[in-house]
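Reader: Could you show me how to read a few features of a protein model? I would like the general idea, then the case here.

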Amino acid sequence: MKGKLGWRAILVLAVLVASVVYLVPSISGNLPLWWSNVLPKDKVQLGLDLQGGMHLILEVESEKAVETQLGIFADDIKRALREERVWIAGDKVQTSAGAMELVLKNEEDIEKLKEFLEKNYPEFSIEETRKDDSGVVVTLAMSADEQKRIRQFATSQALETIRNRVDQFGVSEPDIRPQGEDRLLIQLPGISDTDRALKLIGKTALLEFKLVDDMGDLPAAEKGDVPPGDELLYEVRENRETGRVTKTPVLVERRSLLTGQYVSDARVQIDNQFNEPYVTLKFNAKGARLFERVTGENVKRRLAIILDGVVNSAPVIQEKIPGGTARITGNFTMEEARDLAIVLRAGALPAPVKVLEERTVGPSLGKDSIRKGFISMIVGGLVVILVMAVYYQIGGLIADAALLLNIVLIMAALAAFGATLTLPGMAGIILTIGMAVDANVLIFERIREETRLGKTPRAAVEAGFGRALVTIIDSNVTTLIAALVLFQFGTGPVKGFAVTLSIGIVASVFTAVFVSRLVFDYLLLRVRVKRIPV
(Lines give C-alpha, C1' and ligand atoms only; values in the text may rest on other atoms or scores of the structure.)
Protein backbone atom coordinates (compact mmCIF):
# COMPACT_ATOMS: atom_id res chain seq x y z
CA MET A 1 0.00 0.00 0.00
CA LYS A 2 2.85 2.40 0.86
CA GLY A 3 4.48 1.75 -2.51
CA LYS A 4 1.22 2.47 -4.34
CA LEU A 5 0.86 5.63 -2.29
CA GLY A 6 3.92 7.10 -4.02
CA TRP A 7 2.62 6.38 -7.54
CA ARG A 8 -0.79 7.78 -6.69
CA ALA A 9 0.81 10.95 -5.34
CA ILE A 10 2.87 11.31 -8.52
CA LEU A 11 -0.27 10.89 -10.64
CA VAL A 12 -2.18 13.56 -8.68
CA LEU A 13 0.83 15.89 -8.81
CA ALA A 14 1.16 15.38 -12.57
CA VAL A 15 -2.53 16.17 -13.10
CA LEU A 16 -2.21 19.27 -10.93
CA VAL A 17 0.89 20.51 -12.79
CA ALA A 18 -0.73 19.89 -16.18
CA SER A 19 -3.85 21.78 -15.05
CA VAL A 20 -1.79 24.78 -13.94
CA VAL A 21 0.12 24.76 -17.24
CA TYR A 22 -3.13 24.87 -19.20
CA LEU A 23 -4.56 27.62 -16.96
CA VAL A 24 -1.55 29.96 -17.09
CA PRO A 25 -2.43 31.45 -20.55
CA SER A 26 -5.90 32.32 -19.23
CA ILE A 27 -4.47 33.98 -16.13
CA SER A 28 -1.44 35.76 -17.56
CA GLY A 29 -1.74 37.90 -20.66
CA ASN A 30 2.04 38.23 -21.20
CA LEU A 31 3.62 34.87 -21.81
CA PRO A 32 7.31 34.60 -22.73
CA LEU A 33 8.09 33.54 -26.28
CA TRP A 34 9.55 30.20 -25.21
CA TRP A 35 6.25 29.33 -23.49
CA SER A 36 4.23 29.82 -26.67
CA ASN A 37 6.67 27.69 -28.64
CA VAL A 38 6.69 24.76 -26.21
CA LEU A 39 3.65 24.82 -23.89
CA PRO A 40 -0.09 25.30 -24.45
CA LYS A 41 -1.04 28.91 -25.19
CA ASP A 42 -4.81 28.68 -25.72
CA LYS A 43 -6.99 30.51 -23.22
CA VAL A 44 -10.38 29.49 -21.92
CA GLN A 45 -12.71 30.67 -24.69
CA LEU A 46 -15.66 32.78 -23.58
CA GLY A 47 -18.99 32.44 -25.32
CA LEU A 48 -21.02 35.15 -27.01
CA ASP A 49 -22.99 35.81 -23.82
CA LEU A 50 -19.82 36.45 -21.79
CA GLN A 51 -17.49 38.38 -24.07
CA GLY A 52 -20.04 39.98 -26.39
CA GLY A 53 -20.19 39.62 -30.16
CA MET A 54 -22.55 39.28 -33.04
CA HIS A 55 -25.69 37.17 -33.54
CA LEU A 56 -27.11 36.80 -37.03
CA ILE A 57 -29.89 34.87 -38.68
CA LEU A 58 -29.53 34.84 -42.46
CA GLU A 59 -31.96 33.62 -45.08
CA VAL A 60 -30.46 32.10 -48.21
CA GLU A 61 -32.44 33.34 -51.19
CA SER A 62 -32.44 29.87 -52.65
CA GLU A 63 -34.98 30.79 -55.34
CA LYS A 64 -32.23 32.93 -56.89
CA ALA A 65 -30.06 29.80 -57.02
CA VAL A 66 -32.90 28.02 -58.89
CA GLU A 67 -33.11 30.94 -61.34
CA THR A 68 -29.34 30.93 -61.88
CA GLN A 69 -29.27 27.19 -62.47
CA LEU A 70 -32.27 27.52 -64.79
CA GLY A 71 -30.34 30.08 -66.87
CA ILE A 72 -27.37 27.71 -67.11
CA PHE A 73 -29.70 24.88 -68.20
CA ALA A 74 -31.31 27.19 -70.77
CA ASP A 75 -27.96 28.03 -72.40
CA ASP A 76 -26.92 24.36 -72.42
CA ILE A 77 -30.25 23.17 -73.89
CA LYS A 78 -30.25 25.88 -76.56
CA ARG A 79 -26.71 25.01 -77.67
CA ALA A 80 -27.36 21.26 -77.64
CA LEU A 81 -30.62 21.62 -79.63
CA ARG A 82 -28.81 23.55 -82.35
CA GLU A 83 -26.30 20.72 -82.61
CA GLU A 84 -29.31 18.38 -83.01
CA ARG A 85 -30.51 20.67 -85.85
CA VAL A 86 -33.56 21.84 -83.93
CA TRP A 87 -33.84 25.52 -84.85
CA ILE A 88 -34.78 28.01 -82.18
CA ALA A 89 -35.98 31.55 -82.92
CA GLY A 90 -34.08 34.38 -81.18
CA ASP A 91 -30.86 34.44 -79.20
CA LYS A 92 -32.40 34.38 -75.77
CA VAL A 93 -34.39 31.80 -73.83
CA GLN A 94 -36.85 33.33 -71.37
CA THR A 95 -36.70 31.90 -67.83
CA SER A 96 -38.99 32.50 -64.87
CA ALA A 97 -40.33 30.69 -61.77
CA GLY A 98 -38.81 27.28 -62.44
CA ALA A 99 -39.68 27.26 -66.14
CA MET A 100 -38.19 28.43 -69.41
CA GLU A 101 -39.73 29.38 -72.74
CA LEU A 102 -38.12 28.75 -76.09
CA VAL A 103 -39.51 29.34 -79.55
CA LEU A 104 -39.29 26.59 -82.16
CA LYS A 105 -39.38 27.58 -85.79
CA ASN A 106 -41.05 24.33 -86.88
CA GLU A 107 -43.96 22.58 -85.17
CA GLU A 108 -42.64 19.14 -86.12
CA ASP A 109 -39.59 19.77 -83.90
CA ILE A 110 -41.75 19.31 -80.79
CA GLU A 111 -41.37 15.53 -80.94
CA LYS A 112 -37.58 15.89 -81.40
CA LEU A 113 -37.52 18.21 -78.37
CA LYS A 114 -39.51 15.70 -76.30
CA GLU A 115 -37.10 12.86 -77.16
CA PHE A 116 -34.11 15.11 -76.51
CA LEU A 117 -35.37 16.04 -73.03
CA GLU A 118 -36.16 12.43 -72.06
CA LYS A 119 -32.67 11.39 -73.08
CA ASN A 120 -30.56 14.29 -71.80
CA TYR A 121 -32.58 16.44 -69.37
CA PRO A 122 -35.12 14.22 -67.55
CA GLU A 123 -35.57 16.94 -64.91
CA PHE A 124 -37.48 18.99 -67.55
CA SER A 125 -40.84 18.31 -69.16
CA ILE A 126 -42.96 20.13 -71.72
CA GLU A 127 -45.66 21.95 -69.78
CA GLU A 128 -47.35 23.98 -72.52
CA THR A 129 -47.14 24.72 -76.25
CA ARG A 130 -48.78 27.56 -78.15
CA LYS A 131 -48.36 29.33 -81.44
CA ASP A 132 -47.64 33.00 -82.02
CA ASP A 133 -46.13 35.16 -84.74
CA SER A 134 -42.54 34.11 -83.93
CA GLY A 135 -43.21 30.33 -84.03
CA VAL A 136 -44.18 27.62 -81.56
CA VAL A 137 -43.63 28.76 -77.97
CA VAL A 138 -42.76 25.80 -75.74
CA THR A 139 -42.72 26.07 -71.95
CA LEU A 140 -40.33 23.67 -70.20
CA ALA A 141 -40.92 23.14 -66.48
CA MET A 142 -38.21 22.02 -64.06
CA SER A 143 -39.34 19.19 -61.78
CA ALA A 144 -40.14 19.97 -58.14
CA ASP A 145 -37.53 17.45 -56.93
CA GLU A 146 -34.80 19.17 -58.94
CA GLN A 147 -35.81 22.59 -57.60
CA LYS A 148 -35.75 21.20 -54.05
CA ARG A 149 -32.29 19.68 -54.62
CA ILE A 150 -30.93 23.01 -55.89
CA ARG A 151 -32.39 24.91 -52.91
CA GLN A 152 -30.93 22.42 -50.40
CA PHE A 153 -27.54 22.51 -52.13
CA ALA A 154 -27.58 26.34 -52.10
CA THR A 155 -28.19 26.41 -48.34
CA SER A 156 -25.50 23.82 -47.51
CA GLN A 157 -23.01 25.46 -49.91
CA ALA A 158 -23.71 28.90 -48.39
CA LEU A 159 -23.08 27.42 -44.93
CA GLU A 160 -19.69 26.03 -45.95
CA THR A 161 -18.69 29.21 -47.78
CA ILE A 162 -19.58 31.45 -44.83
CA ARG A 163 -17.78 29.08 -42.46
CA ASN A 164 -14.63 29.30 -44.61
CA ARG A 165 -14.83 33.09 -44.66
CA VAL A 166 -15.32 33.33 -40.89
CA ASP A 167 -12.44 30.91 -40.24
CA GLN A 168 -10.12 32.97 -42.44
CA PHE A 169 -11.39 36.17 -40.78
CA GLY A 170 -9.90 34.85 -37.54
CA VAL A 171 -12.98 34.43 -35.32
CA SER A 172 -12.40 31.86 -32.59
CA GLU A 173 -15.21 29.49 -31.61
CA PRO A 174 -17.82 30.69 -34.12
CA ASP A 175 -21.18 28.96 -34.01
CA ILE A 176 -22.49 28.49 -37.57
CA ARG A 177 -25.28 26.04 -38.28
CA PRO A 178 -28.40 25.62 -40.40
CA GLN A 179 -31.75 26.56 -38.95
CA GLY A 180 -34.67 25.21 -40.90
CA GLU A 181 -34.58 24.72 -44.66
CA ASP A 182 -33.03 27.97 -45.83
CA ARG A 183 -31.83 29.84 -42.75
CA LEU A 184 -28.42 30.02 -41.10
CA LEU A 185 -27.65 30.88 -37.48
CA ILE A 186 -24.30 32.62 -37.02
CA GLN A 187 -22.78 33.65 -33.69
CA LEU A 188 -19.40 35.36 -33.70
CA PRO A 189 -17.98 35.89 -30.17
CA GLY A 190 -15.63 38.82 -29.67
CA ILE A 191 -16.54 40.66 -32.89
CA SER A 192 -16.58 44.44 -32.38
CA ASP A 193 -16.52 45.67 -36.01
CA THR A 194 -19.95 44.32 -36.91
CA ASP A 195 -20.27 46.27 -40.18
CA ARG A 196 -17.07 44.76 -41.55
CA ALA A 197 -18.11 41.26 -40.47
CA LEU A 198 -21.54 41.69 -42.05
CA LYS A 199 -20.02 42.82 -45.37
CA LEU A 200 -17.63 39.89 -45.33
CA ILE A 201 -20.38 37.34 -44.66
CA GLY A 202 -23.05 38.83 -46.91
CA LYS A 203 -20.93 39.53 -49.99
CA THR A 204 -21.92 37.18 -52.81
CA ALA A 205 -18.42 37.51 -54.34
CA LEU A 206 -19.38 36.40 -57.84
CA LEU A 207 -16.25 37.17 -59.88
CA GLU A 208 -16.56 37.33 -63.67
CA PHE A 209 -14.32 38.34 -66.56
CA LYS A 210 -16.19 39.78 -69.56
CA LEU A 211 -15.08 41.57 -72.71
CA VAL A 212 -16.01 45.25 -73.07
CA ASP A 213 -18.08 46.06 -76.16
CA ASP A 214 -16.33 49.26 -77.22
CA MET A 215 -18.13 49.20 -80.59
CA GLY A 216 -21.56 49.28 -78.96
CA ASP A 217 -23.69 52.40 -78.70
CA LEU A 218 -23.16 53.35 -75.03
CA PRO A 219 -25.46 56.45 -75.00
CA ALA A 220 -28.27 54.37 -76.52
CA ALA A 221 -27.65 51.59 -73.98
CA GLU A 222 -27.96 54.11 -71.13
CA LYS A 223 -31.39 55.01 -72.52
CA GLY A 224 -32.42 51.36 -72.41
CA ASP A 225 -31.52 50.24 -75.92
CA VAL A 226 -28.91 47.64 -74.98
CA PRO A 227 -27.51 45.72 -77.99
CA PRO A 228 -28.41 42.00 -78.13
CA GLY A 229 -25.85 39.88 -76.29
CA ASP A 230 -24.64 42.85 -74.20
CA GLU A 231 -25.45 44.27 -70.78
CA LEU A 232 -24.87 47.65 -69.19
CA LEU A 233 -22.86 47.66 -65.97
CA TYR A 234 -21.21 50.43 -63.96
CA GLU A 235 -17.75 51.04 -62.60
CA VAL A 236 -18.24 52.59 -59.14
CA ARG A 237 -15.59 54.76 -57.47
CA GLU A 238 -15.74 56.56 -54.14
CA ASN A 239 -13.57 59.52 -53.23
CA ARG A 240 -12.47 58.78 -49.67
CA GLU A 241 -11.81 62.42 -48.86
CA THR A 242 -15.09 63.87 -50.12
CA GLY A 243 -17.24 60.74 -49.97
CA ARG A 244 -18.44 61.43 -53.52
CA VAL A 245 -19.44 58.34 -55.50
CA THR A 246 -19.09 58.30 -59.29
CA LYS A 247 -20.59 55.70 -61.62
CA THR A 248 -19.10 55.14 -65.05
CA PRO A 249 -21.22 53.08 -67.47
CA VAL A 250 -19.51 50.17 -69.20
CA LEU A 251 -21.10 48.12 -71.99
CA VAL A 252 -19.91 44.51 -71.70
CA GLU A 253 -20.71 41.28 -73.47
CA ARG A 254 -23.17 39.17 -71.50
CA ARG A 255 -21.15 35.97 -71.77
CA SER A 256 -18.61 35.32 -68.97
CA LEU A 257 -15.23 34.19 -70.29
CA LEU A 258 -13.91 33.22 -66.88
CA THR A 259 -15.38 33.11 -63.36
CA GLY A 260 -14.13 32.98 -59.79
CA GLN A 261 -14.63 29.20 -59.62
CA TYR A 262 -11.19 28.83 -61.22
CA VAL A 263 -9.42 30.95 -58.56
CA SER A 264 -7.14 28.77 -56.44
CA ASP A 265 -5.62 31.55 -54.30
CA ALA A 266 -5.98 35.26 -53.62
CA ARG A 267 -3.46 37.41 -51.74
CA VAL A 268 -3.02 41.05 -50.80
CA GLN A 269 0.02 42.84 -52.25
CA ILE A 270 1.26 46.42 -52.00
CA ASP A 271 1.85 48.48 -55.13
CA ASN A 272 5.39 49.86 -54.93
CA GLN A 273 4.59 52.85 -57.13
CA PHE A 274 1.42 54.12 -55.44
CA ASN A 275 1.82 52.32 -52.09
CA GLU A 276 -1.73 50.99 -52.38
CA PRO A 277 -2.97 47.47 -51.64
CA TYR A 278 -4.29 45.28 -54.43
CA VAL A 279 -5.35 41.64 -54.72
CA THR A 280 -3.50 39.10 -56.82
CA LEU A 281 -5.39 36.10 -58.18
CA LYS A 282 -3.93 32.74 -59.02
CA PHE A 283 -6.00 30.43 -61.23
CA ASN A 284 -5.96 26.67 -61.14
CA ALA A 285 -4.58 24.74 -64.12
CA LYS A 286 -7.82 24.86 -66.11
CA GLY A 287 -8.37 28.53 -65.27
CA ALA A 288 -4.80 29.38 -66.26
CA ARG A 289 -5.30 27.79 -69.68
CA LEU A 290 -8.61 29.64 -70.14
CA PHE A 291 -7.08 32.98 -69.08
CA GLU A 292 -4.13 32.52 -71.41
CA ARG A 293 -6.44 31.70 -74.32
CA VAL A 294 -8.83 34.60 -73.58
CA THR A 295 -6.03 37.15 -73.33
CA GLY A 296 -4.27 35.73 -76.40
CA GLU A 297 -7.41 35.93 -78.58
CA ASN A 298 -8.38 39.44 -77.46
CA VAL A 299 -5.17 41.51 -77.47
CA LYS A 300 -5.86 45.29 -77.52
CA ARG A 301 -9.42 44.74 -76.26
CA ARG A 302 -10.63 45.72 -72.80
CA LEU A 303 -11.37 42.92 -70.33
CA ALA A 304 -13.75 43.90 -67.51
CA ILE A 305 -13.22 42.39 -64.06
CA ILE A 306 -16.69 42.26 -62.47
CA LEU A 307 -17.48 41.51 -58.83
CA ASP A 308 -21.14 41.06 -57.87
CA GLY A 309 -22.31 42.87 -61.00
CA VAL A 310 -20.05 45.91 -60.47
CA VAL A 311 -17.13 46.59 -62.79
CA ASN A 312 -13.97 46.75 -60.74
CA SER A 313 -11.66 47.65 -63.59
CA ALA A 314 -11.49 47.19 -67.37
CA PRO A 315 -7.85 47.24 -68.46
CA VAL A 316 -6.70 46.83 -72.07
CA ILE A 317 -5.10 43.44 -72.80
CA GLN A 318 -1.62 44.29 -74.05
CA GLU A 319 -0.46 40.74 -74.69
CA LYS A 320 -1.23 37.11 -74.00
CA ILE A 321 -0.86 36.48 -70.25
CA PRO A 322 0.49 33.02 -69.39
CA GLY A 323 1.02 31.69 -65.86
CA GLY A 324 -2.56 32.04 -64.60
CA THR A 325 -2.22 35.19 -62.50
CA ALA A 326 -4.24 38.39 -62.53
CA ARG A 327 -4.68 41.35 -60.24
CA ILE A 328 -7.64 43.36 -58.97
CA THR A 329 -6.76 46.96 -58.29
CA GLY A 330 -8.90 49.70 -56.86
CA ASN A 331 -9.07 52.35 -54.23
CA PHE A 332 -8.87 49.70 -51.49
CA THR A 333 -7.99 50.13 -47.85
CA MET A 334 -5.88 47.33 -46.41
CA GLU A 335 -8.94 45.88 -44.63
CA GLU A 336 -11.05 45.97 -47.81
CA ALA A 337 -8.29 44.29 -49.82
CA ARG A 338 -7.84 41.63 -47.13
CA ASP A 339 -11.60 40.94 -46.95
CA LEU A 340 -11.80 40.75 -50.75
CA ALA A 341 -8.99 38.20 -50.78
CA ILE A 342 -10.82 36.17 -48.11
CA VAL A 343 -14.13 36.02 -50.02
CA LEU A 344 -12.35 35.15 -53.28
CA ARG A 345 -10.44 32.32 -51.61
CA ALA A 346 -13.58 31.03 -49.86
CA GLY A 347 -15.59 31.16 -53.09
CA ALA A 348 -18.84 32.80 -54.09
CA LEU A 349 -22.14 32.26 -52.38
CA PRO A 350 -24.48 30.18 -54.57
CA ALA A 351 -27.27 32.66 -53.83
CA PRO A 352 -27.58 36.02 -52.07
CA VAL A 353 -28.30 36.03 -48.35
CA LYS A 354 -30.71 38.32 -46.51
CA VAL A 355 -30.27 39.38 -42.89
CA LEU A 356 -33.42 38.47 -40.96
CA GLU A 357 -32.11 39.16 -37.47
CA GLU A 358 -29.04 41.00 -36.26
CA ARG A 359 -28.14 41.47 -32.63
CA THR A 360 -24.97 42.72 -31.07
CA VAL A 361 -24.23 41.59 -27.52
CA GLY A 362 -22.18 44.27 -25.81
CA PRO A 363 -19.12 43.32 -23.74
CA SER A 364 -20.57 45.24 -20.76
CA LEU A 365 -23.39 42.69 -20.52
CA GLY A 366 -20.80 39.91 -20.61
CA LYS A 367 -18.69 41.56 -17.90
CA ASP A 368 -21.76 41.94 -15.72
CA SER A 369 -22.63 38.27 -16.28
CA ILE A 370 -19.09 37.21 -15.44
CA ARG A 371 -19.11 39.32 -12.26
CA LYS A 372 -22.43 37.94 -11.07
CA GLY A 373 -21.47 34.40 -11.99
CA PHE A 374 -18.15 34.74 -10.21
CA ILE A 375 -19.90 36.10 -7.09
CA SER A 376 -22.31 33.14 -7.21
CA MET A 377 -19.40 30.71 -7.42
CA ILE A 378 -17.56 32.39 -4.54
CA VAL A 379 -20.62 32.57 -2.27
CA GLY A 380 -21.74 29.03 -3.07
CA GLY A 381 -18.22 27.68 -2.68
CA LEU A 382 -17.65 29.44 0.64
CA VAL A 383 -20.94 28.16 2.08
CA VAL A 384 -20.11 24.59 1.04
CA ILE A 385 -16.55 24.85 2.39
CA LEU A 386 -17.73 26.29 5.71
CA VAL A 387 -20.47 23.70 6.21
CA MET A 388 -18.13 20.81 5.36
CA ALA A 389 -15.37 22.11 7.67
CA VAL A 390 -17.75 22.62 10.59
CA TYR A 391 -19.69 19.36 10.20
CA TYR A 392 -16.93 16.94 9.17
CA GLN A 393 -13.90 18.76 10.68
CA ILE A 394 -10.59 17.39 9.23
CA GLY A 395 -12.48 15.20 6.79
CA GLY A 396 -14.42 18.27 5.69
CA LEU A 397 -11.21 20.21 5.08
CA ILE A 398 -9.93 17.35 2.91
CA ALA A 399 -13.19 17.47 0.94
CA ASP A 400 -12.82 21.26 0.61
CA ALA A 401 -9.32 20.87 -0.83
CA ALA A 402 -10.66 18.30 -3.29
CA LEU A 403 -13.43 20.74 -4.24
CA LEU A 404 -10.92 23.51 -5.05
CA LEU A 405 -8.87 21.07 -7.10
CA ASN A 406 -12.07 20.08 -8.88
CA ILE A 407 -12.69 23.68 -10.04
CA VAL A 408 -9.07 23.97 -11.22
CA LEU A 409 -9.45 20.74 -13.23
CA ILE A 410 -12.69 21.96 -14.87
CA MET A 411 -11.17 25.24 -16.02
CA ALA A 412 -8.01 23.51 -17.22
CA ALA A 413 -10.04 20.95 -19.15
CA LEU A 414 -12.02 23.75 -20.85
CA ALA A 415 -8.73 25.32 -22.00
CA ALA A 416 -7.20 21.97 -23.04
CA PHE A 417 -10.20 20.84 -25.10
CA GLY A 418 -10.80 24.29 -26.58
CA ALA A 419 -14.34 24.30 -25.18
CA THR A 420 -16.26 27.55 -24.81
CA LEU A 421 -17.36 28.80 -21.41
CA THR A 422 -20.86 30.26 -21.59
CA LEU A 423 -23.21 31.66 -18.97
CA PRO A 424 -25.10 28.33 -18.71
CA GLY A 425 -21.67 26.72 -18.52
CA MET A 426 -20.97 28.76 -15.40
CA ALA A 427 -24.25 27.47 -14.00
CA GLY A 428 -22.96 23.96 -14.71
CA ILE A 429 -19.80 24.69 -12.70
CA ILE A 430 -21.84 26.04 -9.79
CA LEU A 431 -24.02 22.92 -9.89
CA THR A 432 -20.88 20.80 -9.91
CA ILE A 433 -19.63 22.55 -6.77
CA GLY A 434 -22.73 21.33 -4.97
CA MET A 435 -22.50 17.85 -6.43
CA ALA A 436 -18.76 17.51 -5.83
CA VAL A 437 -19.10 17.19 -2.06
CA ASP A 438 -21.95 14.66 -2.31
CA ALA A 439 -19.48 11.84 -2.87
CA ASN A 440 -17.44 12.89 0.16
CA VAL A 441 -20.60 13.10 2.30
CA LEU A 442 -21.47 9.50 1.34
CA ILE A 443 -17.93 8.34 2.15
CA PHE A 444 -17.75 10.19 5.45
CA GLU A 445 -21.10 8.85 6.62
CA ARG A 446 -19.93 5.30 5.83
CA ILE A 447 -16.71 5.94 7.76
CA ARG A 448 -18.75 7.17 10.72
CA GLU A 449 -20.88 3.99 10.66
CA GLU A 450 -17.80 1.78 10.52
CA THR A 451 -16.17 3.74 13.37
CA ARG A 452 -19.29 3.32 15.52
CA LEU A 453 -19.04 -0.44 14.93
CA GLY A 454 -15.63 -0.35 16.60
CA LYS A 455 -13.32 -0.65 13.61
CA THR A 456 -9.90 0.98 13.57
CA PRO A 457 -9.52 4.31 11.66
CA ARG A 458 -7.67 2.58 8.78
CA ALA A 459 -10.28 -0.19 8.50
CA ALA A 460 -13.11 2.33 8.78
CA VAL A 461 -11.61 4.47 5.99
CA GLU A 462 -11.05 1.45 3.77
CA ALA A 463 -14.60 0.18 4.32
CA GLY A 464 -16.09 3.67 3.91
CA PHE A 465 -14.49 4.30 0.54
CA GLY A 466 -15.13 0.74 -0.65
CA ARG A 467 -18.85 0.64 0.19
CA ALA A 468 -19.60 4.20 -1.03
CA LEU A 469 -17.77 3.74 -4.33
CA VAL A 470 -20.55 1.75 -6.04
CA THR A 471 -23.21 4.31 -5.09
CA ILE A 472 -20.98 7.19 -6.22
CA ILE A 473 -20.27 5.58 -9.58
CA ASP A 474 -23.96 4.75 -10.14
CA SER A 475 -25.22 8.28 -9.45
CA ASN A 476 -22.51 10.03 -11.44
CA VAL A 477 -22.76 7.71 -14.44
CA THR A 478 -26.48 8.40 -14.80
CA THR A 479 -25.88 12.15 -14.56
CA LEU A 480 -23.02 11.88 -17.05
CA ILE A 481 -25.26 10.03 -19.52
CA ALA A 482 -27.87 12.79 -19.22
CA ALA A 483 -25.17 15.42 -19.79
CA LEU A 484 -23.85 13.61 -22.87
CA VAL A 485 -27.37 13.42 -24.31
CA LEU A 486 -27.76 17.17 -23.74
CA PHE A 487 -24.44 17.75 -25.50
CA GLN A 488 -25.36 15.58 -28.46
CA PHE A 489 -28.84 16.94 -29.08
CA GLY A 490 -28.72 20.35 -27.39
CA THR A 491 -27.73 23.59 -29.06
CA GLY A 492 -26.03 26.78 -27.92
CA PRO A 493 -26.53 27.45 -24.19
CA VAL A 494 -27.74 23.88 -23.48
CA LYS A 495 -24.56 22.47 -25.01
CA GLY A 496 -22.42 24.87 -22.94
CA PHE A 497 -24.15 23.64 -19.77
CA ALA A 498 -23.61 20.01 -20.80
CA VAL A 499 -19.89 20.57 -21.43
CA THR A 500 -19.06 21.95 -18.00
CA LEU A 501 -21.37 19.46 -16.27
CA SER A 502 -19.72 16.49 -18.04
CA ILE A 503 -16.20 17.69 -17.25
CA GLY A 504 -17.26 18.53 -13.69
CA ILE A 505 -18.65 15.03 -13.05
CA VAL A 506 -15.46 13.31 -14.19
CA ALA A 507 -13.31 15.74 -12.20
CA SER A 508 -15.43 15.42 -9.05
CA VAL A 509 -15.21 11.60 -9.06
CA PHE A 510 -11.42 11.85 -9.46
CA THR A 511 -11.00 14.38 -6.67
CA ALA A 512 -13.60 13.02 -4.24
CA VAL A 513 -12.61 9.36 -4.52
CA PHE A 514 -9.00 9.21 -5.70
CA VAL A 515 -7.49 12.40 -4.23
CA SER A 516 -9.40 12.29 -0.92
CA ARG A 517 -8.47 8.64 -0.42
CA LEU A 518 -4.83 9.51 -1.12
CA VAL A 519 -4.85 12.17 1.62
CA PHE A 520 -6.53 9.81 4.10
CA ASP A 521 -4.00 7.05 3.34
CA TYR A 522 -1.09 9.49 3.61
CA LEU A 523 -2.22 10.68 7.05
CA LEU A 524 -2.83 7.12 8.32
CA LEU A 525 0.17 5.34 6.75
CA ARG A 526 2.90 7.96 6.58
CA VAL A 527 2.01 10.53 9.25
CA ARG A 528 0.54 7.67 11.35
CA VAL A 529 -2.23 9.72 12.96
CA LYS A 530 -4.34 7.73 15.38
CA ARG A 531 -7.65 9.28 14.36
CA ILE A 532 -8.99 11.53 11.60
CA PRO A 533 -12.07 13.49 12.80
CA VAL A 534 -14.88 12.90 10.36
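Author: Let's start with burial: buried means under 20% relative accessible area, exposed over 50%, and partly exposed in between, with a 1.4 Å probe and protein chains only. Phe116, at 8%, is therefore buried, and Tyr121 is buried at 14%. This is a predicted model, where local features need pLDDT of at least 70, side-chain atom pairs count only at pLDDT 80 or more, and totals for chains, interfaces and linings use all residues. Residues are numbered from 1 along each chain as its sequence is written, and side-chain values use heavy atoms, leaving out hydrogens and water.

Reader: How do I read an aromatic pair, such as Phe444 and Phe520?

Author: A pair of aromatic rings is described by the distance of the centres and the angle of the planes. Rings of Phe, Tyr and Trp (its six-membered ring) pair if their centres lie within 6.5 Å; planes under 30 degrees apart count as stacked, over 60 as edge-to-face and the rest as tilted. The centres of Phe444 and Phe520 are 6.0 Å apart and their planes stand at 55°, so this pair is tilted. Phe444 is buried at 0% relative accessibility, and Phe520 is buried at 0% too.

Reader: What about a charge over a ring, as with Arg327 and Tyr278?

Author: The rule asks for NZ of Lys or CZ of Arg within 6 Å of the ring centre and within 35 degrees of the ring normal. Arg327 lies over the face of Tyr278, 4.0 Å from the ring centre.
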